[in-house]
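Hello,

I am passing on the structure we talked about, together with some notes on its charged side chains. Please have a look at it below before you read on.

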Amino acid sequence: MKTYKYIVVLLPLIILTGCWSKYEVQNMNYTTAVGIDYAEGQYTIYSQLLDFSTVAKLEGQQKAEQPPVWVGKGQGSSFTEAANDLYSTSQQRLNWGQVSAILFSERLMKERKVGEVLELINRYREIRYLAWLFSTRDPLDEILMATSFFRLSPKASILHNPEQNYRQHSILAPIRLQQFVLDSNEKAKSSYIPELSIRKDQWKENQKPRELLRFSGIQVYDQEHYYARMDIQDLSGLPWLNKHTIRLPLDLFSDKKLIAVLVAEKPKYDITPSVKYDKAYFDISVSVKAGVNELHADVTEQELTQMAQKEIERQIRKTFQTALEKNIDIYNLGESLFRKNPHEWKRIASGKQHFVLNEDSLQAISINMDIVYPGRYKFKKEILAVP
């Protein structure tokens, strides 16, 4: 009986296999961001490596030195060949499971190689579709070498963690690779990739200028078709019609004089499409609550509300017009028509991008502004008309 028990215990140990393919953590290099360029028939891949022992910051500790950032460069006639070129000098096994940001060059998009790259990335099972997706016109290696404040790891920059910055300043929503793939496969929807660049003149460390990342615009790319680039200055109307907007500043001027600075939070919007004489028209309503951060003039609450409503409408129309000149449906107005009346959308949509807009497409814009927090400021009392 005892012999039988020993056999039962030892049998699983004999059958079970060992971890023959196991790799020790310290014997691998971890790619945290990937930059991809294409020029003259050649792919160039940039791989950012970080030492994860420097990523964590202990409470009360200040790092004496800037954490090291390694950027490797591989070239080849295909994405895989460029990756194999990287392997030739990586010294240790290169692990792609920690990639949290993917960066496309503007040239890659203009050469319409995004679909091909996405297909190849999909074959790398280690790379996840939850990585953040960006574009750039700057050298890819410079973007990947940029660090953050206080000798923190690049993991603390907007390349790897854009959500923290967006919660405070919701000008341009970051996009995950998964969302971009979904949007770019929708016939009636425009998809964009946020653009990163380096700014060298805004921050200094001990009187030395520091190079830091910023959002500088968007690259509009949809179904293997590159549309155009839009600068961040031309996108002021975009946050008002974005369901992800959290906190947005609104500067109000009169005769080039600053009157007030409001902070709007989580605007809500609705788009009403219609078709008349084979042309699409859209009415937009926006509802937003705001607080007063600064007040530099003696105005009533009603006057300030009207100024805010006019400024929001101006921003929405300006962005629409700038995008229309580039054949871009920046607000995805066509999608609202497609959802409500797909038959009419299909009848009037034209071109590969299924464009339905014209100069008069944007009709009425209704803004419902509610100033819920004036802070310590007191508005000028309204004078009621005597009947």
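Here are the notes on salt bridges.

This is a predicted model, so local features need pLDDT of at least 70 and side-chain atom pairs count only at pLDDT 80 or more, while totals for chains, interfaces and linings use all residues. Residues are numbered from 1 along each chain as its sequence is written, and side-chain values use heavy atoms, with hydrogens and water left out.

Searching the whole structure turns up 13 salt bridges (a side-chain nitrogen of Lys or Arg within 4 Å of a carboxyl oxygen of Asp or Glu). One of them joins Asp37 and Arg107, with an N to O distance of 2.4 Å. This pair links distant parts of the chain, 70 residues apart: Asp37 lies in strand 1 (residues 28-39) and Arg107 in helix 3 (residues 106-110). Both elements are DSSP runs numbered from the N terminus, helices being H or I with at least four residues and strands E with at least two.

Buried means under 20% relative accessible area and exposed over 50%, with partly exposed in between (1.4 Å probe, protein chains only).

Two further pairs may interest you. Lys189 meets Asp183 at 3.3 Å, N to O, and Asp183 is buried, at 11%. In the salt bridge of Lys113 with Glu116, the closest N and O atoms are 3.6 Å apart; Glu116 is partly exposed, at 35%.

Finally, a network of salt bridges links Arg137, Glu195, Arg229 and Asp231.

Best wishes
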